[in-house]
Amino acid sequence: MKNKKSVNRILFLIGILISITLVYFSVVNVDLNKVIAEIRSSNYVYILPAVLIMFAGHWLRSIRWKMLLSPHQPIATRHLFSALMIGYLGNTVLPAHMGELIRSYIIKKKTGLPGSLVFGTIVLERFLDVLSLIIIMIVTLMVYPFPGWLYRSALAVTISIIVLLVLFTLFKAKGDVLLSIFSKSIGLFSERMAKIWSSKIKNF
C-alpha cells in the first residue's frame with residue numbers, strides 16, 4: 001500500500017511538472033499586454049449563453065456516448081461527462097488528440113470495461129462526427145459557390161469516409177476470420193502477444 005501511494009505521489013508530481021512545462025511553452029511568446037488589452041475590450045454579454053450552450057452540447061455528447069456503451073454496461077451520464085471534460089483538457093495540452101486515450105482510460109478504471117472496447121466507442125463517435133460534417137458540407141456546397149480546392153477537399157474526405165465505412169462493415173462481417181489470420185500471424189513470433197492483441201482487437 002505504501003509503495004502504491006509513493007508511486008501515485010510521483011506520478012502526481014510528474015503530471016504537475018509536465019503541466020507547468022506545457023503552460024510555459026504555450027505562453028512564452030505571448031504578448032501579455034495585448035492579452036490584457038483584448039480582455040479589457042471584450043464584450044462579456046455573450047459569455048454566459050456561450051458557456052451554457054457549450055456545456056449543453058457536451059452533455060448531449062455524453063448521452064450519445066452512454067448509448068454506445070449501454071449494450072456493454074450502464075454508466076451514469078455524469079461520469080461520462082467528467083471523463084469527456086478531462087479528455088478535452090488532455091487534447092488541449094497534448095498532441096495527436098491524446099486526450100481520447102485519457103478519457104477511455106478513466107472509464108476503464110471506473111467501470112472495469114476493457115480499454116480497447118471503450119476506445120472503440122470513441123472512434124465510432126469521431127466517425128459519426130465526421131459523417132455528420134460531410135453531410136452538412138455536401139448540402140452547403142450544393143447551395144453556395146465555394147472555391148475549387150474546397151470541393152476537392154470535400155471529395156477527398158467523403159472518399160475516406162466511404163473507405164472507412166467499407167472497412168468497418170468488413171470487419172464486422174468477417175471479423176472472426178480476419179482476427180484468426182492476425183492471431184496466427186502474431187502467434188508465429190509470440191503466443192502471449194497474439195492472445196493479448198487478439199483480445200484487444202476483438203473488444204475494439
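Contact here means that heavy atoms lie within 4.5 Å of each other. The model described is a predicted one.

**Glu125**
- Glu125 is part of helix α6, and its relative accessible area of 0% makes it buried.
- Residues up to four places away in sequence aside, Glu125 touches Arg61, Arg64, Trp65, Leu68 and Arg103.

**The largest nonpolar core**
- The largest nonpolar core has 11 residues: Trp65, Leu69, Ile75, Leu80, Ala83, Ile106, Ile107, Leu113, Leu117, Val118 and Ile122.
- Two or more of these residues come from each of α3 (47–69), α4 (77–93), α5 (99–111) and α6 (115–143).
- The most is given by α6, with 3 residues.
- In soluble globular proteins, nonpolar side chains tend to be buried together.
- Ile107, one of the core residues, is in contact with Trp65, Ile75, His79, Leu80, Ala83, Gly112 and Val118, leaving aside neighbours within four places in sequence.

**Packing of α4 and α5**
- The axes of α4 and α5 are 7 Å apart, and the two helices pack at an angle of about 150°.
- Angles over 145 degrees count as roughly antiparallel, and α4 and α5 are therefore roughly antiparallel to each other.
- Their crossing is right-handed.
- On the α4 side, the contact is made by His79, Leu80, Ala83, Leu84, Ile86, Gly87, Gly90 and Asn91.
- On the α5 side, Gly99, Glu100, Ile102, Arg103, Ile106, Ile107 and Lys110 take part.
- By class, this contact of α4 with α5 has 7 nonpolar, 5 polar and 3 charged residues.

Notes
Residues are numbered from 1 along each chain as its sequence is written. This is a predicted model: local features need pLDDT of at least 70, side-chain atom pairs count only at pLDDT 80 or more; totals for chains, interfaces and linings use all residues. Side-chain values use heavy atoms; hydrogens and water are left out. A nonpolar core is a set of buried Ala, Val, Leu, Ile, Met, Phe, Trp, Tyr and Cys residues joined through side-chain atoms within 4.5 Å. Buried means under 20% relative accessible area, exposed over 50%, partly exposed in between (1.4 Å probe, protein chains only). Helices (H or I, at least four residues) and strands (E, at least two) are DSSP runs, numbered from the N terminus. Axes are lines fitted to C-alpha atoms, for helices over the stretch in contact, and angles run from 0 to 180 degrees between N-to-C directions. Angles under 35 degrees count as roughly parallel, over 145 as roughly antiparallel, 65 to 115 as roughly perpendicular and the rest as oblique. A crossing is left-handed if the near helix is turned anticlockwise from the far one by less than a right angle, and right-handed if clockwise. Ala, Val, Leu, Ile, Met, Phe, Trp, Tyr, Cys and Pro count as nonpolar, Asp, Glu, Lys and Arg as charged, and the others, Gly among them, as polar.
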